[in-house]
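Hi everyone, thanks for coming. Please have a look at the picture on the screen, and I'll talk you through it.

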Amino acid sequence: MAREMADYLDRVGARIRWPRARTYLLKELSGHLEDQRAALEAAGVPPEEAERRAVADMGDPEPVGDELNALHRPARSLAPAVFALAVSLAGAALIPALTGGSPLRYWAGLLLGLAAMALLRLVDLGTLARRMGKWAIPLAVALPFLLMALNYAAPRLSTGAAPMWLLYPSLFLPLLFALVLLALRGMHGGCLCALTPLMFLLTAPAALVPSFTTALFLGGTMLLTASAAVMAGWFRGKPWVGLVSLWAPTALCTAWAVQFLASSDRMRYFFHPELDPNGYGWQTLLIRNLLWEGSAEAAEVYNASFLYQDPGYTLLTLSAQLGRPVMLAALAGILLFAGLCLWRIWKLRSTTGKLLALSLFLPLFFQAGACWLQNAALFPFGSALPLPFFSYGPTSMVVDFTLLGLLLSVFRMDPLQRDGPSLPLPQLFPHLLESLLCPEDEEEEPF
Amino acid sequence: MPKERSAPGGLGMLLLSLLSEQDRYGYEMIETLRNRSNHVFDLKAGTLYPLLHTLERQGWVMAYDEEAPGGRVRRYYRITDDGRKALGEQRTQWKNYAAAVEGVLEGGVLCGA
């Protein structure tokens, strides 16, 4: 770029305080200067004169910079963070005191989590998505295999299961799936059935731990995020075609998997706990007596049982100590957090931001929901992950605050986040296959 | 800069009108405005972009990047449904305002006559 234009942009940029906004805005002004100069040169104006006139036509740089600076400040959406911190502090006060656990471990996890959240809030996921482009697709295929290889190589617990820490990277796989969706913008909605194998692959590491619950809610996250993309017009064609293409194969495959679970002992004892008086059935009856009946005797038995120190049953432990309103308060808290986040996601300007935010929010929400349902004995399968931000689990605390930090970064970058152009379809879908699977629409493309 | 929500016939209305025809980029809007108004509206880019970004904040336009001829990525603007609604209201306000001005200039009925 010529010197006079560069000087002009430097003077405008000096008035814009937010560095990311400065880059974004100067890129737009630079493009305008280039268009202006090219038009003048095409009209026969010599290059140096064209540059001088292009710069002169922009207006004084300082007032321009001041106006743009006033319009572009990072969005402050800290309500979810304040809520999560309040919940964590409540957990720090209650859990070590009531369960006899180590407060130092809890506080260490909380401080590390807060540091991770503060750092990751400054990330620009939109730019990362743009730069990654179609490379998100091979990465989304390779990473689950890497996690499954780690699962295979990791030493087993006494129960024969893989260590729980292998679940935590899985919580970020929906984000990777969102990056794939961003790379596939403009694809015909009828081709979304091709995402079903990818969704199952991305849930496989969690399923192999094994944690069916985590796999279920990760799959649900991806399905809902993809559905949101369809409804936002991210793909070509009628939305109902995209939704059917997405849900039909997923529902069929899930139904096939669920039929095996439906006939399992776990399901039988969930509905008829009296059939298993020494194992899972006993546990289910104990929880229901404690919570649903408010039995003091059940509370005493619970306090003496192995469940008392299990991070997955923190809510139940507190209910046994403080009473049943703990469960209602927890439910209200989960719904409040969900309401805060969903309201903010709804207000995001770009579809890119919405898809990224959903892929980060939904794992937290489903994790909380699964934990609550398990504690209330309303869900047949256990949740391997504790209640986000609250439960006694330093690693889960760090991971959950990391997810929250990334979510806050999407909110923060909202003033600058734009939906990129439709990229040419990758060669992974040969033209012939697409034409067979995805007939041309008669309607005009939505964008 | 006047607030676009309260100024009938403002530059914001003109930009929305251009975008209601088709998506456009910044330089294209300045040139179109200049040519159609016979150089009456000779907008500088330093005025255009803050105005466009204000309209974007109000939800009346949205920006997206698209590849331009030559391989460069260019930022285009598109009017939203809310923007079309606002444009309709501002057009009505402008017509009423212009008719009122015209009525005064052409000499209306005298008071008491």
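This is a predicted model: local features need pLDDT of at least 70, side-chain atom pairs count only at pLDDT 80 or more; totals for chains, interfaces and linings use all residues.

Chain A has 447 residues, and 53% of them count as buried. If we take the contacts in chain A with a separation of 6 or more, 75% of them join residues 24 or more positions apart.

Now let's go inside. Here is a general point to carry with you: in soluble globular proteins, nonpolar side chains tend to be buried together. In our model, the largest nonpolar core has 101 residues. Which residues have the most contacts inside it? They are A:Phe177, A:Phe235, A:Tyr302 and A:Leu404. Helix α19 of chain A, residues 351-375, gives the most to this core, with 11 residues.

Let's zoom in on A:Leu404. Setting aside neighbours within four places in sequence, A:Leu404 is in contact with A:Pro80, A:Ala81, A:Ala84, A:Met117, A:Phe337, A:Leu364 and A:Phe389.

One name on that list deserves a stop: A:Phe337. You'll find A:Phe337 in helix α18, residues 325-347 of chain A. Is A:Phe337 buried or exposed? A:Phe337 counts as buried because its relative accessibility is 7%, and the cut-off for buried is under 20%. With neighbours within four places in sequence left aside, the contacts of A:Phe337 are A:Pro80, A:Phe83, A:Phe361, A:Leu364, A:Phe389 and A:Leu404. For a sense of distance, A:Phe337 and A:Pro74 are 263 residues apart in sequence, and their C-alpha atoms are 22 Å apart in space.

Among the buried ones are A:Thr314, A:Leu316 and A:Ser319. Just after α17(A) comes A:Gly323, which takes a positive phi of about 110°.

Another buried residue is A:Thr284, with a relative accessible area of 2%. A:Thr284 belongs to helix α15, residues 280-291 of chain A. Not counting residues up to four places away in sequence, A:Thr284 touches A:Phe270, A:Pro273 and A:Ala377.

Finally, the place where the two chains meet. How many residues does the contact take from each chain? There are 26 from chain A and 24 from chain B. Between them, the two chains bury about 2,300 Å², with 52% of it on carbon and sulfur atoms.

The interface also has 3 salt bridges by the rule used here. One salt bridge joins the side chains of A:Asp35 and B:Arg72, at 2.4 Å from N to O. As for polar contacts, 9 residue pairs are counted between chain A and chain B. On the side of chain A that touches chain B, α2 (19-42) and α4 (61-71) each supply at least two residues. The largest share, 10 residues, comes from α2(A). By type, the residues on that side of chain A divide into 12 nonpolar, 6 polar and 8 charged.

Key:
Residues are numbered from 1 along each chain as its sequence is written. Chains are lettered from A and ligands numbered from 1 in the order in which they are written. Side-chain values use heavy atoms; hydrogens and water are left out. Contact means heavy atoms within 4.5 Å. Buried area is the accessible area (1.4 Å probe) that two parts lose on being put together, summed over both. A salt bridge is a side-chain nitrogen of Lys or Arg within 4 Å of a carboxyl oxygen of Asp or Glu. A polar contact is a pair of N or O atoms within 3.5 Å; within protein, one must be able to donate a hydrogen and the other to accept it, and residues adjacent in sequence count only if both atoms are side-chain atoms. Helices (H or I, at least four residues) and strands (E, at least two) are DSSP runs, numbered from the N terminus. Ala, Val, Leu, Ile, Met, Phe, Trp, Tyr, Cys and Pro count as nonpolar, Asp, Glu, Lys and Arg as charged, and the others, Gly among them, as polar. A nonpolar core is a set of buried Ala, Val, Leu, Ile, Met, Phe, Trp, Tyr and Cys residues joined through side-chain atoms within 4.5 Å. Buried means under 20% relative accessible area, exposed over 50%, partly exposed in between (1.4 Å probe, protein chains only).
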